[in-house]
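Please consider the sequence and the structure shown below. The paragraphs that follow lead the reader through selected parts of the fold.

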Amino acid sequence: MKNKKRDLIERLNSGPVICAEGFLFEIERRGYMASGQFVPMVSLEHPEALENLHRDFQHAGSDIVQAFTYNGHREKMRVINKEELLEPLNRSALKIAKKVANSPIGSEPNLMAGNISNSNIWNDKNPKSHIEVEKIFTEMIGWAVDEGADILIGETFYYAGEAYKALEVMKKTNLPCVITIAPMGENIMRDGVSIVDTCKELEQRGGDVVGMNCFRGPATMMPYLKEIRKVLKCHVAALPINFRTTKEHPTFFNLPDNNGCTCHTPHKTPFPTALDPLQCNRYEIGKFTKEAFDLGVNYLGVCCGANPMLIREVAESVGLKVPASKYREDMSTHFIYGTHKRIAKHMKDYADKA
Ligand SMILES: [Zn+2]
């Protein structure tokens with residue numbers, strides 16, 4: 001079995017496949033990206049930091065190393081006036097992902113994924129924008145294939161039409177395609193197609209894995225996943241954000257902080273820089289993942305808010321043991337709450353006053 005690399009569908013047919021996403025938030029938190037602007041210059045400016053991020057997620061159980069090209073598309077590079085760095089940024093991110101995927105901790109290499117995502121210029125009422133977006137996708141997919149991507153991921157689409165276009169471009173390569181949508185707070189795609197109908201159409205159009213990622217936490221993603229899993233025959237993906245979204249605020253964009261905050265964000269909303277108190281804990285993420293897996297969702301992960309500890313939780317919640325499992329919590333030796341015989345009685349007795 002050594003060095004044999006199973007393809008994505010083989011892996012999904014035999015069990016859960018874990019994919020870490022949400023690099024934007026995690027790299028920003030690590031100090032290598034400007035929030036708001038959110039351009040992954042890190043692949044050029046701090047390649048070692050990006051490689052470390054991938055290695056940390058790999059250690060925590062991610063089977064897929066997704067090249068960090070989210071927002072690294074021509075339109076965004078124009079916005080920040082660095083269009084000339086577009087191709088170097090993409091190739092560098094792809095090379096780093098490939099390097100990590102090809103040096104796994106176990107014997108089987110990970111899968112390297114090329115990535116395209118919401119362009120933010122797609123407008124269902126402006127056909128010209130569709131041509132522009134197709135160009136953006138085509139050049140990025142070209143570089144991904146060039147650099148040896150094993151699979152392609154199109155993600156975070158909130159227009160059904162843009163998701164269809166992304167899939168059309170990805171399908172031309174014959175690589176396995178994962179396509180996930182991220183409906184905004186109106187609970188419908190911006191071009192008026194329902195969430196479930198969009199997923200059905202994506203399956204019809206050849207998506208190998210279809211599902212949801214980003215914008216929604218476990219509470220507001222799960223109801224749709226249940227419906228999607230029921231009507232789709234292909235593999236389904238579930239990658240929520242790590243925040244406690246609610247029925248009133250289904251996405252993190254308008255999620256308020258009503259939790260005793262004493263120093264509010266200088267921006268209009270806690271998104272994106274003051275969401276910390278609204279995070280899910282690891283058990284909530286584990287519970288969501290287990291529930292999704294039990295429904296028959298095999299492609300699992302976390303998007304914005306993800307960190308290696310949460311990816312380990314995702315993996316362990318569906319019965320996997322990963323390298324980071326070695327460091328799973330062990331409260332038995334804790335100095336107050338431990339049960340070990342050497343824990344002093346006067347400390348154990350003090351537990352509820354600590
Ligand atoms: Zn996300």
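Just after helix α12, Gly 319 adopts a positive phi of about 85°. The model in which this is seen is a predicted one. Helix α12 itself, residues 308–317, is mostly covered, with 9 of its 10 residues buried. Those buried residues are Pro 308, Leu 310, Ile 311, Arg 312, Glu 313, Val 314, Ala 315, Glu 316 and Ser 317. They pack against the strands β1 (17–20) and β8 (299–302) and against the helices α4 (47–59) and α11 (282–295).

In soluble globular proteins, nonpolar side chains tend to be buried together. Here the largest nonpolar core holds 104 residues, and Ala 113, Leu 152, Ala 163, Ala 238, Tyr 299 and Ile 311 touch the most other members. Helix α6 (residues 86–101) supplies the largest share of this core, 8 residues. Apart from its neighbours within four places in sequence, Tyr 299 is in contact with Leu 12, Val 17, Cys 19, Val 178, Val 209, Gly 211, His 235, Val 236 and Ala 237.

Two packed helices are described by the angle between their axes and the distance between the axes. The axes of α7 (residues 127–146) and α8 (residues 160–171) come within 9 Å and cross at roughly 40°, and α7 and α8 are therefore oblique to each other. The crossing of α7 past α8 is right-handed. From α7, the contact involves His 130, Val 133, Glu 134, Phe 137, Thr 138 and Ile 141, while α8 contributes Glu 162, Lys 165, Ala 166, Val 169 and Met 170. Sorted by class, this contact has 6 nonpolar, 2 polar and 3 charged residues.

Most residues other than glycine have a negative phi, and most peptide bonds are trans. Asn 120, although not a glycine, has a positive phi of about 70°; Asn 120 is placed in the loop between β3 (111–117) and α7. Asn 120 counts as partly exposed because 16 C-beta neighbours lie inside 10 Å. Cys 214, in the loop between β6 (209–213) and α10 (218–231), has a positive phi near 60°. With 28 C-beta neighbours inside 10 Å, Cys 214 counts as buried. The peptide bond from Phe 271 to Pro 272 is cis, with omega near -5°, and Pro 272 lies in the loop between β7 (235–239) and α11.

Finally, Ala 354 belongs to the segment after α13 (345–348). Ala 354 counts as exposed, because it has 8 C-beta neighbours inside 10 Å. Its C-alpha atom is separated by 8.2 Å from that of Ile 336, 18 residues apart along the chain.

Technical notes
Residues are numbered from 1 along each chain as its sequence is written. This is a predicted model: local features need pLDDT of at least 70, side-chain atom pairs count only at pLDDT 80 or more; totals for chains, interfaces and linings use all residues. Helices (H or I, at least four residues) and strands (E, at least two) are DSSP runs, numbered from the N terminus. A residue is buried if 20 or more other C-beta atoms lie within 10 Å of its own, exposed if 12 or fewer, and partly exposed in between; C-beta atoms are placed from the backbone. Axes are lines fitted to C-alpha atoms, for helices over the stretch in contact, and angles run from 0 to 180 degrees between N-to-C directions. Angles under 35 degrees count as roughly parallel, over 145 as roughly antiparallel, 65 to 115 as roughly perpendicular and the rest as oblique. A crossing is left-handed if the near helix is turned anticlockwise from the far one by less than a right angle, and right-handed if clockwise. Two residues are in contact if their C-beta atoms, placed from the backbone, lie within 7 Å. Ala, Val, Leu, Ile, Met, Phe, Trp, Tyr, Cys and Pro count as nonpolar, Asp, Glu, Lys and Arg as charged, and the others, Gly among them, as polar. A nonpolar core is a set of buried Ala, Val, Leu, Ile, Met, Phe, Trp, Tyr and Cys residues joined through C-beta atoms within 7 Å.
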